[in-house]
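Good morning, and thank you for joining.

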Number of protein chains: 2
Amino acid sequence: MNAYKQLLEIHERIHNFQHLGAIAYWDQEAMMPQGSNDARSKALAQLDVLVHEESTSSKINDLIEESQTLSLSKQEQTSLFEIKRNYDLKTVLPSSLVKAKSLAGSKCGHAWREQRKNNDWKGFLPNLEEVIKLSKEEASIRASHTGLSAYDSLLNMYEPGMKSESLDDIFSEVKTWLPSLIQDVVEKQKSESFINPIGPFPTHIQKELGLKVMKHLGFDFNTGRIDISSHPFCGGVPEDVRITTRYDENDFVQSLMGTVHETGHARYEQNLPLEYVSLPVGNARSMGIHESQSLFFEMQMGRGRAFLESIHKYIQDAFGEGETFSIENLCKIYNHVKPDFIRVDADEVTYAAHVMLRYEIEKELINGNLAARDIPEVWDEKMLSYLGINTQGNYKNGVMQDVHWTEGLIGYFPSYTLGAMYAAQQFNTVKNQYPNVNENISQGNFSQIFSWLDENIWKNASFYSTDELMKNATGEVLNPKYFKAHLENRYLK
Amino acid sequence: MNAYKQLLEIHERIHNFQHLGAIAYWDQEAMMPQGSNDARSKALAQLDVLVHEESTSSKINDLIEESQTLSLSKQEQTSLFEIKRNYDLKTVLPSSLVKAKSLAGSKCGHAWREQRKNNDWKGFLPNLEEVIKLSKEEASIRASHTGLSAYDSLLNMYEPGMKSESLDDIFSEVKTWLPSLIQDVVEKQKSESFINPIGPFPTHIQKELGLKVMKHLGFDFNTGRIDISSHPFCGGVPEDVRITTRYDENDFVQSLMGTVHETGHARYEQNLPLEYVSLPVGNARSMGIHESQSLFFEMQMGRGRAFLESIHKYIQDAFGEGETFSIENLCKIYNHVKPDFIRVDADEVTYAAHVMLRYEIEKELINGNLAARDIPEVWDEKMLSYLGINTQGNYKNGVMQDVHWTEGLIGYFPSYTLGAMYAAQQFNTVKNQYPNVNENISQGNFSQIFSWLDENIWKNASFYSTDELMKNATGEVLNPKYFKAHLENRYLK
């Protein structure tokens with residue numbers, strides 16, 4: 001068997017183990033009784049070690065080198081490139097640093113859960129400093145292998161090909177219009193009052209509504225399901241996609257749009273090409289592109305009037321026909337903008353400001369221009385400038401609100417807003433190509449959209465770079481003007 | 001680290017993998033969407049290969065030998081004995097035979113699903129012959145290693161220590177009274193009519209009832225759960241026990257007692273000693289002892305008047321207070337005896353006859369005194385003699401009804417009736433020790449029973465042989481007279 005075929009076998013084996021791990025993890029979040037947590041965590045950790053050993057074995061390196069001498073098809077060459085990229089990402093760090101990072105991240109994350117409640121920045125800081133110190137070490141090692149800057153070498157793990165040079169351009173442009181746009185929207189919405197839906201909205205009715213909407217959006221229930229977990233996610237494997245949501249009987253609004261969001265992730269996963277499912281080239285292109293699919297579903301379509309019209313009947317069947325559930329009121333509810341402390345609760349307009357702030361801070365942390373102890377000062381200043389919000393002394397709803405940095409996940413935040421921008425650009429192309437698309441959406445006919453996404457995003461997996469993928473799909477690489485136009489169009493017209 | 005400690009580490013690693021496999025298998029049966037089956041089966045097969053490789057590695061053999069020279073505590077010695085027994089069972093067959101058996105079993109089992117529907121004995125026979133031929137090869141190899149007879153070497157895998165000499169004694173004694181006892185019971189019950197409950201019994205109400213009964217029976221929901229699957233089972237791992245049931249809206253009777261049955265299995269698993277959970281010595285003692293716990297719950301207690309009284313309120317709350325749900329009627333329903341074709345649907349009286357017949361046939365098949373093509377003749381004769389039922393030409397409800405032989409599972413059937421006998425003997429001891437036990441049961445107070453089972457069965461795992469376990473618990477080794485007394489007492493008085 002030639003070296004490339006051997007690589008396929010190794011990856012299939014690893015994928016099989018990852019399949020079991022993904023289902024056991026989903027079970028831990030969605031099904032498992034509380035008292036089984038220790039045993040499950042140990043079992044999953046054991047599998048992680050196995051998968052790490054197998055996917056970093058030097059045999060893979062030998063086989064990659066041997067494969068490079070073979071005459072491979074173009075697709076095989078791309079696949080080999082992604083195998084190598086993946087292998088290098090995993091093997092470049094010395095295992096002592098991997099271990100130190102994991103320990104420091106667990107320690108910081110574990111203590112954070114209590115410290116956040118107590119607004120205890122002083123207690124949190126030394127742990128965070130250790131995590132950031134180790135992330136800087138990681139970045140410096142990765143940088144020496146990739147030739148990228150320290151921060152870019154982290155960014156590269158989630159958004160291959162993206163550079164902070166581009167991000168700086170994007171965000172400095174966004175900064176020129178976003179804060180004032182937020183103010184304008186808030187001002188405009190002051191005169192547009194809406195009726196807040198009052199529960200109870202029984203869980204089983206919300207669940208039924210969510211299932212209808214997922215079906216509406218083409219979720220394949222033959223290879224996936226939805227359940228409840230405290231933090232919604234899209235898990236499992238492409239052959240068996242598990243999404244989760246949570247229900248609040250006082251508020252159906254969040255859960256419903258959360259389900260639309262996860263359905264976007266799920267459809268990407270469910271439509272990745274099955275014949276490459278165990279290979280890196282068969283994975284989703286990047287975190288930003290993945291987020292673009294959930295935000296395409298949730299923001300571009302989901303909160304738009306046409307989509308709300310298409311599910312209006314379902315909502316009325318579930319909760320009644322009063323004015324609260326009129327299209328006008330639903331549109332207002334789903335497009336309400338309110339600058340606030342917490343990123344995960346933010347609307348799509350202010351969300352970008354939350355991300356921009358985090359990007360600017362984490363980049364300077366990694367590049368050595370900012371010390372962890374000085375984050376709150378910068379945080380306060382930027383929150384005031386971008387969102388007009390005073391966070392002084394409010395650490396728990398400020399710098400201590402996210403889990404990412406506590407666990408050493410640095411370089412990830414930009415993906416959220418890149419996703420929003422990719423989504424806006426993609427939807428703009430769809431609208432140009434199909435001028436009647438909103439009419440079709442409002443009638444529950446999504447065939448134009450689904451076939452466009454399948455053709456241009458889903459089935460391409462990682463066969464193209466993000467730039468190529470966007471260029472093939474929309475005629476140009478990422479251009480944030482479509483995001484701006486989308487926000488202006490939706491919120492100021 | 002000494003050799004014995006190394007063995008512990010290896011077994012912990014294997015247990016962790018088995019944990020993930022058990023949950024992924026449970027998920028396949030209870031949660032997984034249909035279309036994901038191929039991917040799941042592949043992933044589980046991959047894990048099976050891994051676990052097989054790890055648990056049969058020659059390193060374990062070396063460590064066992066080295067451990068035998070160490071000065072070990074008594075418990076460690078027992079544990080080492082079980083590690084060796086387990087290892088030998090797994091490694092004695094050449095891998096060519098393991099593979100041939102697996103292929104022949106899959107082929108036979110797969111074709112059987114259709115052939116059974118078509119009553120196609122002729123089509124089934126050649127596949128069965130191949131399976132039996134290979135089982136005979138297996139038995140002969142195992143026999144040469146254990147010094148047991150061919151059949152006993154198979155029996156030994158499920159009931160270590162049990163011999164066909166004892167089984168022959170037991171069943172030839174049972175044969176002297178069971179057929180006439182069945183006739184007497186049928187005759188007696190002719191004059192005891194009962195009202196058949198008429199549905200619908202909505203699934204969610206049955207589910208709620210089942211949960212109440214499980215709680216009543218001490219199932220630990222902090223480390224286990226119940227769900228639905230088409231074939232009820234008790235799975236997962238002791239740290240996270242997953243039982244399943246199925247609901248028929250026309251019949252709550254079966255599902256309710258099925259839940260009691262699986263709860264018996266589950267409580268054994270949940271009360272095995274956690275500090276030995278990854279070691280062979282920490283496992284349930286045998287298939288028969290496992291079945292004794294489910295039958296203790298279902299047959300000794302569950303179908304008894306005292307237990308039905310204890311859950312009577314729950315049943316009435318679920319379905320009403322009519323005469324159908326009176327204690328008298330429930331007792332009649334749950335103790336109705338009816339000789340019939342199908343083992344899995346049989347009552348506890350006729351069940352023993354079904355097992356006796358299968359034992360007698362499979363023993364002669366393996367020992368070479370009966371050819372597969374002659375099974376139907378013997379089957380017909382024994383069904384007529386034990387149960388008064390004519391099975392001539394009715395293969396699908398006769399010899400072709402069970403999955404066991406199609407997959408080469410031979411030597412397992414006796415465990416069912418051994419379980420019934422162990423259970424009767426255990427309950428007899430409990431009644432002698434606590435003369436008021438039925439009064440307590442009827443009041444929903446099971447503390448005497450649960451502490452007796454915990455002390456005498458559950459926490460002992462595999463630290464004693466079955467004979468020792470029964471002798472310590474009941475004062476004597478297996479004695480089928482208690483089973484006979486139980487049947488006479490329940491059905492003829």
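I shall go from the overall fold to the pairing of the chains, then to the domains, the cores and a few individual residues.

First, the conventions. This is a predicted model, in which local features need pLDDT of at least 70 and side-chain atom pairs count only at pLDDT 80 or more, while totals for chains, interfaces and linings use all residues. Residues are numbered from 1 along each chain as its sequence is written, and chains are lettered from A and ligands numbered from 1 in the order in which they are written.

Let us begin with chain A. It contains 21 helices and 3 strands; these are DSSP runs numbered from the N terminus, helices being H or I with at least four residues and strands E with at least two. Chain A is as compact as a globular protein of 493 residues, because its radius of gyration of 23 Å is close to the 23 Å from the globule rule. That radius is taken over C-alpha atoms, and the rule is 2.2 Å times the number of residues to the power 0.38. The C-alpha trace of chain A spans about 65 × 50 × 50 Å along its principal axes.

Of the 493 residues in chain A, 43% count as buried. Buried denotes 20 or more other C-beta atoms within 10 Å of the residue's own, exposed denotes 12 or fewer, and partly exposed lies in between, with C-beta atoms placed from the backbone. Among contacts in chain A with a separation of 6 or more, 72% join residues 24 or more positions apart. A contact requires C-beta atoms, placed from the backbone, within 7 Å.

How are the two chains related?

At the interface, 28 residues of chain A are in contact with 28 residues of chain B. On the chain A side, the elements giving two or more residues are helix H1 (3-30), helix H2 (37-55) and strand S1 (224-228). H1(A) gives the most, with 9 residues. By class, this side has 11 nonpolar, 10 polar and 7 charged residues. Here Ala, Val, Leu, Ile, Met, Phe, Trp, Tyr, Cys and Pro count as nonpolar, Asp, Glu, Lys and Arg as charged, and the others, Gly among them, as polar. The copies meet through the same surface, because 100% of the interface residues of chain A are also interface residues in chain B.

Now the domains. Chain A is divided into domain 1 (1-91) and domain 2 (150-493), with bounds from an automatic or database domain assignment. Their C-alpha centres lie 29 Å apart. Between them, 17 residues of domain 1 of chain A are in contact with 17 residues of domain 2 of chain A. H1 and helix H4 (74-91) of chain A each give two or more residues to the domain 1 side, and H1(A) has the largest share, 10 residues.

Which residues have the most contacts inside the largest nonpolar core? They are A:Ile182, A:Val349, A:Ala352, A:Ala353, A:Met356, A:Ala420 and A:Ala423, in a core of 108 residues. Such a core is a set of buried Ala, Val, Leu, Ile, Met, Phe, Trp, Tyr and Cys residues joined through C-beta atoms within 7 Å. Helix H15 (residues 348-367) of chain A gives the most to this core, with 10 residues. Domain 1 and domain 2 of chain A each supply at least three residues.

Helix H7 (residues 150-158) of chain A is mostly covered, with 7 of its 9 residues buried. Its cover includes helix H6 (121-146), helix H8 (164-190), H15 and helix H17 (414-433) of chain A.

Finally, two residues of chain B. B:Tyr276 lies in the loop between helix H10 (252-270) and helix H11 (287-302) of chain B, and is buried, with 21 other C-beta atoms within 10 Å. By contrast, B:Glu187, in helix H8 (residues 164-190) of chain B, is exposed, with 10 such atoms within 10 Å. B:Glu187 and B:Leu492 are 305 residues apart in sequence and 10.0 Å apart in space, C-alpha to C-alpha.

How values were computed: Contact = placed C-beta atoms within 7 Å.
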